[in-house]
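Happy to walk through this fold with you.

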Amino acid sequence: MEPLSDQEIQFFKEEGYLIKKQVMDPGLIALARERLWDSASDTMDPKDPDTWIGPIEEHRDDQGNVRGGYGWKYRQIGSQEWIVRMLPRDLTIWSMAEKLLGKGNVVVPDRIRGIYCILPQGDQPEKPTTCHTDGHPFHLGVVGYIGDVPPKGGGFTVWPKSHRKLYFDYHSSHRNEPTEQHEKDIAYFNQQTYVDCHGQAGDIIFWHHRLAHAAGHNRSRQIRQAVLYDFRRKDMDQVMEEPPSQDMWRDWPGIC
Ligand SMILES: [Fe+2]
C-alpha cells in the first residue's frame with residue numbers, strides 16, 4: 001500500500017500541511033510521557049494539574065533543555081534511539097517522508113528536536129495567535145502528539161496555503177534571509193483564518209518548511225506534549241544557498 005494517497009499528497013501541496021491520525025507506536029508514546037518528567041521543574045508534580053499552569057521560572061541547562069513562561073523543551077531526550085524510532089524512523093512515517101522527498105534522498109535521522117511542551121495559561125487573558133516562518137534549513141517538518149491535544153489546547157497552528165507565498169519571500173531556498181516582502185506577507189496572513197491542528201496522542205502533522213505557523217496558546221487544563229523533527233534532503237548543502245526555485249516542488253519528487 002502506498003504510504004500517502006494521491007489525495008493526501010495533493011492536500012499537502014495545496015495547503016502546506018497534512019494530518020495523519022494514529023501513526024506513532026503507543027508503547028513508545030507511553031515511555032516518552034513517563035520520561036518527560038525527568039526534566040520537570042521542582043515545582044511541577046506529575047499528579048497535580050494545578051502545578052502545571054504557567055508561567056514558570058526561566059531555566060536553561062548545558063544539555064539544551066529550556067523551561068520558562070509557558071514553554072518546556074526537553075531537548076536532551078531527543079538523541080535517545082527509541083524516541084528517534086518513535087517519530088522520523090517509524091517505518092510508516094519514514095516511508096511517507098521518502099514518498100514526498102524521494103527514496104534515498106532523505107537524511108537518516110540520529111536525533112529529534114526533543115519533547116516540546118506548552119503549559120496551560122490558567123486564567124490569564126487570551127492573547128491573539130500570530131504566525132512566523134522558521135529560518136533553519138530543512139524541507140519537511142513533522143509534529144507528533146504524545147498526549148491528547150484538545151481544541152485551543154496548544155496545538156500546532158497553521159496558516160493554510162501560506163507556504164506558496166512565503167517560499168518566494170526569501171533570498172535563498174533554505175536559509176534565513178527573508179526579503180522585505182516577507183514581513184508584509186506575515187502581516188497579511190495574521191489577518192487570515194488559521195487552523196488549530198488539535199488531535200490525539202499518536203497523531204502527526206507534516207508541514208512545509210516555509211509554512212506560516214505558531215505554537216497555539218494552551219487554554220486547556222493539560223500540558224501540550226509533542227515531539228518534533230525536521231526532515232532534510234541529503235543535498236541540502238548544495239541547494240540551501242540557491243534562490244527559491246521557480247518550481248517550488250523541484251526537490252519533491254513525490255509531488256507533481
Ligand atoms: Fe516555528
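**Sheets and helices**

Q: Which residue is the bridge partner of V158 in β10?
A: This is a predicted model, where local features need pLDDT of at least 70, side-chain atom pairs count only at pLDDT 80 or more, and totals for chains, interfaces and linings use all residues. Residues are numbered from 1 along each chain as its sequence is written. Strand β7 (residues 156–158) and β10 pair in the antiparallel sense over three bridges. Within β10, V158 finds its bridge partner in H213.

Q: Why is one side of β8 and of β10 left without a neighbour in the sheet?
A: Strands are DSSP runs (E, at least two residues; helices are H or I, at least four), numbered from the N terminus. Two strands pair if DSSP finds at least two bridges between them. The open, antiparallel sheet of three strands has the order β8-β7-β10. β8 (195–197) and β10 (213–215) stand at its edges, so one side of each is left without a neighbour because each has a single partner strand.

Q: Which are the edge strands of the sheet of eight strands?
A: This open sheet, with antiparallel pairing, runs in the order β1-β9-β6-β11-β5-β4-β3-β2. Pairing on one side only is what marks its edge strands, β1 (17–20) and β2 (56–60).

Q: At about what angle does helix α2 run to β11?
A: Angles run from 0 to 180 degrees between N-to-C directions, with axes fitted to C-alpha atoms, for helices over the stretch in contact. Contact means that C-beta atoms, placed from the backbone, lie within 7 Å. Helix α2 (residues 26–36) lies across β4, β5 (114–118) and β11 (224–231), and its angle to β11 is about 110°.

Notes. Two residues are in contact if their C-beta atoms, placed from the backbone, lie within 7 Å.
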